[in-house]
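Work through the exercises below with the sequence and the coordinates open. Try each task before reading its solution.

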Amino acid sequence: MLPPRRTRRIQVGPLELGGGAPIAVQSMAATRTRDLEATLHQVRLLEDAGADLIRIAVDSSQDVEALTHIADATSTPLVVDLQESYRLAERIAPHVQKIRYNPGHLHHHEKDKPTAEKVAWLADVARGENCALRIGVNAGSIAPEYEARHPEDSIEAIVSCARDHCHMLDAAGFSNYVVSIKDSDPRLVIEANTRFAESRPDVPLHLGVTEAGMPPDGIIKTRIAFEQLLARGLGDTLRVSLTVPFEEKGQEITVGRELLADIEAGRFRSVPVGFFDGLNIIACPSCSRVENERFIELAQEVKRATAHAAEHQLTIAVMGCRVNGPGETDDADLGLWCGPRTVNLKRGKESVGSFTYDAVLDVLLRELDQLIQSRA
Ligand code: SF4
């Protein structure tokens, strides 16, 4: 039995989130949205797995066009991830039940306009079409002002960003929203969500560990966060982000339900001391921005080929696109981000070069060995 959740109830089309409503399990289509056939196939696959809510990324007019057909073809509530084009919300809202925006991305658009004004506009659009909103804060893409305000406390930076955006929506008279605060480190996810909920116990929470990577590690990292948060009565909807082939995306739903059932039944798993020591491979779950599906294979190869370095305290990040990849790999010791034909390799923030998918693994292994030697 989980403790009662104190959040307010919100409406996502026919789906209720928050308060005593059942915890909803959701996932995201990883295909390019404009590829209608592939995305419809992905949506059906997630529906068959039992998704309560399906997220679709929209970044262009072509994506909006595809979205209208997808919305007609499914009865599962849809949430759209507004990527770099928040103004598309107006065209999207009539077709979906929820819109997610990333405060970090919103900050970079129409910079001369106050953020509160952009948020109020989104609230108006959502209200007009009975949509819900999600404030989706991601530790890897936070607006610079928050980092500047809290240089010593990265958790406070993301939590205060989430709080500020709640205030902006409150001020706009809009309450049909949820908040997510994600990172690839489950310990940060636990601390940030707990801190946020202390100040805003009324706001429903969407839980997730982003870039958790491949199973089983990605599932273990996610379980660590979910066990701690759900057992505290925090979490109204959840997503398990896994780097798996597109055809296996249904796993995000089945694993989400299994984790939820275990936690509800009190079947907790502990992790040994030192679990977080050693090589950490983070990988994004992929989305419509992936331009070469070999990204998934590459992430799996990186994991296999670096097994010899398991004892070393290093992070390797493998990201699927050139939009978020460059920024999201900055904090890793070695980072790879994938383009259509080549993969870019980084050592910290510094570029090592761009290599074909066939060649990049050898270069990565050379870099890894050098790094291990230099640290020794
Ligand atoms: S890194 Fe790029 S491809 Fe991966 S989930 Fe983020 S936006 Fe999508």
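**Exercise 1: The domain contact**

In this predicted model, 19 residues of domain 1 are in contact with 18 residues of domain 2. Find the bounds of the two domains, and sort the domain 1 side of the contact by residue class.

Solution. 
- Step 1. Start with the bounds. The domain assignment gives 10–264 for domain 1 and 280–375 for domain 2.
- Step 2. Take the centres over C-alpha atoms. They are 25 Å apart.
- Step 3. Now sort the side of domain 1 that touches domain 2. Nine residues are nonpolar, eight are polar and two are charged.

**Exercise 2: The barrel**

Trace the strand order of the barrel and state the sense of the pairing. Then work out how β3 is joined to β10 and to β4.

Solution. 
- Step 1. Eight strands close the barrel, in the order β3-β4-β5-β6-β7-β8-β9-β10, with parallel pairing. From one strand to the next, the twist averages 25°.
- Step 2. Look at β3 (residues 24–28) and β10 (residues 237–239). Three bridges pair them in the parallel sense. Gln26 has Arg239 of β10 as its bridge partner.
- Step 3. Turn to β4. It runs parallel to β3, again over three bridges. Here Ser27 sits opposite Ile54.
- Step 4. Check burial along β3. Five of its five residues are buried. Ala24, Gln26 and Met28 point one way, while Val25 and Ser27 point the other way.

**Exercise 3: The nonpolar core**

Name the residues that touch the most other members of the largest nonpolar core. Why does this core lie between the two domains?

Solution. 
- Step 1. The core has 113 residues. Val80, Ile99, Leu133, Ile158 and Ala162 touch the most other members.
- Step 2. Ask which element gives the most. It is α7, with nine residues.
- Step 3. Domain 1 (10–264) and domain 2 (280–375) both contribute residues, so the core lies between them.
- Step 4. Take Val80 and set aside neighbours within four places in sequence. Its contacts are Ile56, Val58, Leu67, Ile92, Val96, Ile99 and Arg100.

Note on methods
Residues are numbered from 1 along each chain as its sequence is written. This is a predicted model: local features need pLDDT of at least 70, side-chain atom pairs count only at pLDDT 80 or more; totals for chains, interfaces and linings use all residues. Two strands pair if DSSP finds at least two bridges between them. Helices (H or I, at least four residues) and strands (E, at least two) are DSSP runs, numbered from the N terminus. Axes are lines fitted to C-alpha atoms, for helices over the stretch in contact, and angles run from 0 to 180 degrees between N-to-C directions. Domain bounds come from an automatic or database domain assignment. Two residues are in contact if their C-beta atoms, placed from the backbone, lie within 7 Å. Ala, Val, Leu, Ile, Met, Phe, Trp, Tyr, Cys and Pro count as nonpolar, Asp, Glu, Lys and Arg as charged, and the others, Gly among them, as polar. A nonpolar core is a set of buried Ala, Val, Leu, Ile, Met, Phe, Trp, Tyr and Cys residues joined through C-beta atoms within 7 Å. A residue is buried if 20 or more other C-beta atoms lie within 10 Å of its own, exposed if 12 or fewer, and partly exposed in between; C-beta atoms are placed from the backbone.
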